[in-house]
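Visitor: I am new to this structure and would like a close look at a single part, the surroundings of the ligand. Could you walk me through that part and then through what else stands out?

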Amino acid sequence: MSIISRGFVGRRPQVDDPSRLPPGQYLTAGFPVLSAGPTPRSRLDDWTFQIRGLADPARSWTWDQFTALPTDTVTVDIHCVTKWSKFDTVWTGVSLDSLLEGVNIGGARFLTAFCDGGYTTNLPLQEVMGGKAWVAYQFDGKPLEPPHGGPARFLVPHLYFWKSAKWVRGLELHAEDKPGFWETYGYHNHGDPWREQRYSGD
Ligand SMILES: Nc1nc2c(c(=O)[nH]1)N[C@H]1C(S)=C(S)[C@@H](COP(=O)(O)O)O[C@H]1N2
Ligand SMILES: [Mo]
């Protein structure tokens, strides 16, 4: 075996359980950074997390209030539309169920996650309730690093990772669905990796 092919094989970890890898994906051991713009730096004493739009009452937490909320630590597989997957990533954060507790969502059926830097992504509310989504601020037990979305990012591991908005600052609830940043530029509106919903029309 040549050095080149040995090196190539060495970069791609073995998939012990193929049923965990969605179609068209490969496993990576690293943690690539994918950002559409520069990494915003926000000061924690200016940081808030808001729930607004069709939310009654609207909610807003400071960093200290937010990090005092009950957390979950979850171990999940993540899948990027550019075809890398990473298994067993460990995140700590607040579930959307906790954040929406006590909020009357009225006629809202959709949300837009909004972020420092202007990125947005859209999701049906039913896709983030029932233990399926978190606002995570630790990775592997340590504060989430800014390139990966620190201080806090959305985590929606059952959909392609562009739905997991980095530097998230809140959720806006809507009656109608509004495509977010990548959804406007040709990515699939829903983004289920198991159905290979990569681009609009898939
Ligand atoms: N705010 C913001 N969130 C974002 C992005 C971005 O450009 N800006 N990129 C998305 C995409 S396409 C992916 S694959 C993941 C990448 O997360 P990572 O850099 O931690 O791997 O973040 C998603 N969240
Ligand atoms: Mo991505």
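Guide: Here is a tour that starts at the ligand and moves on to rings and backbone.

A word on the basis: this is a predicted model, where local features need pLDDT of at least 70, side-chain atom pairs count only at pLDDT 80 or more, and totals for chains, interfaces and linings use all residues. Residues are numbered from 1 along each chain as its sequence is written, chains are lettered from A and ligands numbered from 1 in the order in which they are written, and side-chain values use heavy atoms, with hydrogens and water left out.

Ligand 1 sits in the largest pocket. A pocket here is an open set of points on a 1 Å grid over the protein atoms alone, where a 1.4 Å probe fits, with protein on both sides within 12 Å along at least five of seven lines; a molecule sits in it if more than half of its atoms lie within 2 Å of its grid points.

Around ligand 1 there are 20 residues, of which Pro32, Ala36, His148, Arg153 and Lys166 come nearest (a residue is near if one of its heavy atoms lies within 4 Å). By class, this shell holds 15 nonpolar, three polar and two charged residues; Ala, Val, Leu, Ile, Met, Phe, Trp, Tyr, Cys and Pro count as nonpolar, Asp, Glu, Lys and Arg as charged, and the others, Gly among them, as polar.

Now look at the oxygen atoms of ligand 1. A polar side-chain atom of His148 is 2.6 Å from one oxygen atom, and for Arg153 a polar side-chain atom is 2.7 Å from an oxygen atom of the ligand. Leu34 takes part through a backbone N or O atom, 2.9 Å from a ligand oxygen. For such polar contacts, the N or O atoms must be within 3.5 Å. Taken alone, ligand 1 exposes 530 Å², and the protein buries 97% of that (Shrake-Rupley method, 1.4 Å probe).

Next, the rings. The whole structure has 21 aromatic pairs, meaning Phe, Tyr or Trp rings (for Trp the six-membered one) with centres within 6.5 Å. Phe31 and Trp84 form one, edge-to-face (planes over 60 degrees apart), at 6.3 Å centre to centre and 70 degrees between the planes. Phe31 lies in the loop between β1 and β2 and Trp84 in strand β5, so the pair ties together parts 53 residues apart in sequence; strands are DSSP runs (E) of at least two residues, numbered from the N terminus.

Finally, the backbone. Most peptide bonds are trans. Yet a cis bond joins Asp56 and Pro57, and the bond from Gly150 to Pro151 is cis, with omega near 15 degrees.

Conventions: A polar contact is a pair of N or O atoms within 3.5 Å; within protein, one must be able to donate a hydrogen and the other to accept it, and residues adjacent in sequence count only if both atoms are side-chain atoms. On a 1 Å grid over the protein atoms alone, a cavity is a set of points where a 1.4 Å probe fits but cannot get out, and a pocket is an open set with protein on both sides within 12 Å along at least five of seven lines; lining residues have an atom within 4 Å of a point. Rings of Phe, Tyr and Trp (its six-membered ring) pair if their centres lie within 6.5 Å; planes under 30 degrees apart count as stacked, over 60 as edge-to-face and the rest as tilted. Helices (H or I, at least four residues) and strands (E, at least two) are DSSP runs, numbered from the N terminus.
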